[in-house]
Amino acid sequence: MRAFLRRLWPRTLLARVTLLVVLGMALAQLLTYAAIRHERGQTLMNLMLSGVERDIASSVAILDRLPADERAAWFPRLERPNYSFALEGAVDTPPPTAPALARFAEVVAQALQPFPVLAIGQIGQSDAVRMQLRLSDGSALYVLARRVPMPVADWVTWLLAAQLLVLALCAWAGMRLVTRPLARLAQAADRLGPDLRPSPVAEDGPAEVAQAARAFNAMQRRIAGTVQERMQILAAISHDLQTPITRMRLRVDLADELPDADKFRADLEAMRTLVQEGVGYAKTLQGIEEPLRRLDLDALLRSLVHDYADTGRPVTLTGEAGIALATRPQALRRILTNLVDNALKYGERAELAVRLEHDAVRIEVCDAGPGIPEDQLAAVLQPFYRLEASRNRETGGSGLGLAIAHQLALSLGGTLALRNRPEGGLCAGLRLPTSMTEHTP
């Protein structure tokens, strides 16, 4: 039951607050309606208790003074909508139990004194009672007394419903005015992609909203400034390291008799690669200047596989997407290249598979390597994270290939996830949305 109610509960703040306000106003309207009905009932009771019992007593007194054979002829003259008389009948029902009707019967019976009331019974489920009296000549007289209802007019109900509708619309408009700036803030936060470029929000609206927008814009500028500063520091360090690395490489090449010269060259090459990949990763964080272009995804994948095949690398492709994809070609090619190189480095071969899902294109790059422990599949997408214990210790690497691919995938609006294959090996799944795609002829 709780799960069912949770599914019915609105998800947006606008819908939730509007629903609560409307329910509160509806409850208030119902209480108002109930108060009006209660007040009408009390007014009716007061009117009846202040006049009806005297009218009935006066009519009974007139009938008591008339000859017995003339009483029936006077009934039409004395009767009213809420009481009537009869000379024959019976009271074979129990007295009323409802408080209002019992009080009414009691007041009428008291007003009929000194004529004794022999019996009082309720007529069915109606607001009417039948009383048996004994007149002064000993004959019986039956009095049928009714509580005439005083219903609330239909226009009152419609008026309350119209008021509720107007208040509900006002509540929705008010909450819309409050939540719209929050929606703009959320959209701006979504637009703050991996490149961390600021997406300013209009600093207008109520004072609190404008203050929140200014704080959000300032936060974006601070984040962008911090990232830019770190990028510049990393670029400067890498630039400064290139010169000593080059000098050391030249000295090693000139010193032929230097012991372990090959090891020095390998270390220097690893340092140069690490610096270059660090700069490349920083550039992916800084943003991609490449414009969007529409390309044939299948043609791109076939070209990539042929390039590896020309160098004798075991790379295969299965499946077709059959679409033209609006994306950044160089960034997409960099992602696929990093994934294929990673598969070849650790898994001896790379198997590409592409398929079109209902709202995305999925490209998988699988290998036949040892895989990665399940609890570290997400960690290897972080920069400088190396998992040599579960891979080949001789392969080396900077731990930036998958991190760069992950950041580039986010910049393209896609996702990159890793999984282990049951038969062994690792699969890297790249998922790109098809919202900006069209089928090729």
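## Overall make-up

The protein chain, which is a predicted model, contains 10 helices and 12 strands. Of its 441 residues, 37% count as buried, and the accessible surface of the chain comes to about 25,900 Å², with 58% of that area belonging to carbon and sulfur atoms.

When contacts with a separation of 6 or more are considered, residues 24 or more positions apart account for 64% of them.

Is strand β3 enclosed by the rest of the structure or left open? Of the 7 residues in this strand (residues 128-134), 5 are buried, so β3 is largely enclosed by the rest of the structure.

Strand β2, covering residues 117-122, is joined to β3 by 5 bridges, and the two run antiparallel. Within this pairing, isoleucine 120 has methionine 131 of β3 as its bridge partner, and glycine 121 stands opposite arginine 130 in β3. The hairpin of β2 and β3 has 5 residues between the strands, and there glycine 124 takes a positive phi near 55 degrees.

With strand β4 (residues 140-146), β3 pairs in the antiparallel sense over 7 bridges. Methionine 131, already named as the partner of isoleucine 120, stands opposite valine 143 in β4. The hairpin of β3 and β4 also has 5 residues between the strands, and in this hairpin glycine 138 takes a positive phi near 90 degrees.

## Aromatic residues

A search of the whole structure finds 2 aromatic pairs. In the pair of tyrosine 83 and phenylalanine 85, the ring centres are 5.9 Å apart and the planes stand at 70 degrees, so this pair is edge-to-face; the cut-off for that description is an angle over 60 degrees.

Tyrosine 83 has a relative accessible area of 3% and is buried, and phenylalanine 85, at 7% relative accessibility, counts as buried. Together with Phe75, these residues, Tyr83 and Phe85, form one aromatic cluster.

## The nonpolar cores

Which residues have the most contacts inside the largest nonpolar core? This core has 42 residues, and those with the most contacts inside it are Leu297, Leu332, Val340, Leu352, Leu418 and Leu430. Several elements each supply at least two residues of the core, including the helices α8 (297-310), α9 (329-347) and α10 (401-411) and the strands β7 (323-327), β8 (350-356) and β9 (360-366). The largest share, 8 residues, comes from α9.

A second, separate core has 23 residues, among them Val60, Val108, Leu112 and Ala145.

Technical notes:
Residues are numbered from 1 along each chain as its sequence is written. This is a predicted model: local features need pLDDT of at least 70, side-chain atom pairs count only at pLDDT 80 or more; totals for chains, interfaces and linings use all residues. Side-chain values use heavy atoms; hydrogens and water are left out. A nonpolar core is a set of buried Ala, Val, Leu, Ile, Met, Phe, Trp, Tyr and Cys residues joined through side-chain atoms within 4.5 Å. Buried means under 20% relative accessible area, exposed over 50%, partly exposed in between (1.4 Å probe, protein chains only). Helices (H or I, at least four residues) and strands (E, at least two) are DSSP runs, numbered from the N terminus. Contact means heavy atoms within 4.5 Å. Accessible areas come from the Shrake-Rupley method with a 1.4 Å probe; for residues, only the protein chains shown count as cover. Two strands pair if DSSP finds at least two bridges between them. Rings of Phe, Tyr and Trp (its six-membered ring) pair if their centres lie within 6.5 Å; planes under 30 degrees apart count as stacked, over 60 as edge-to-face and the rest as tilted.
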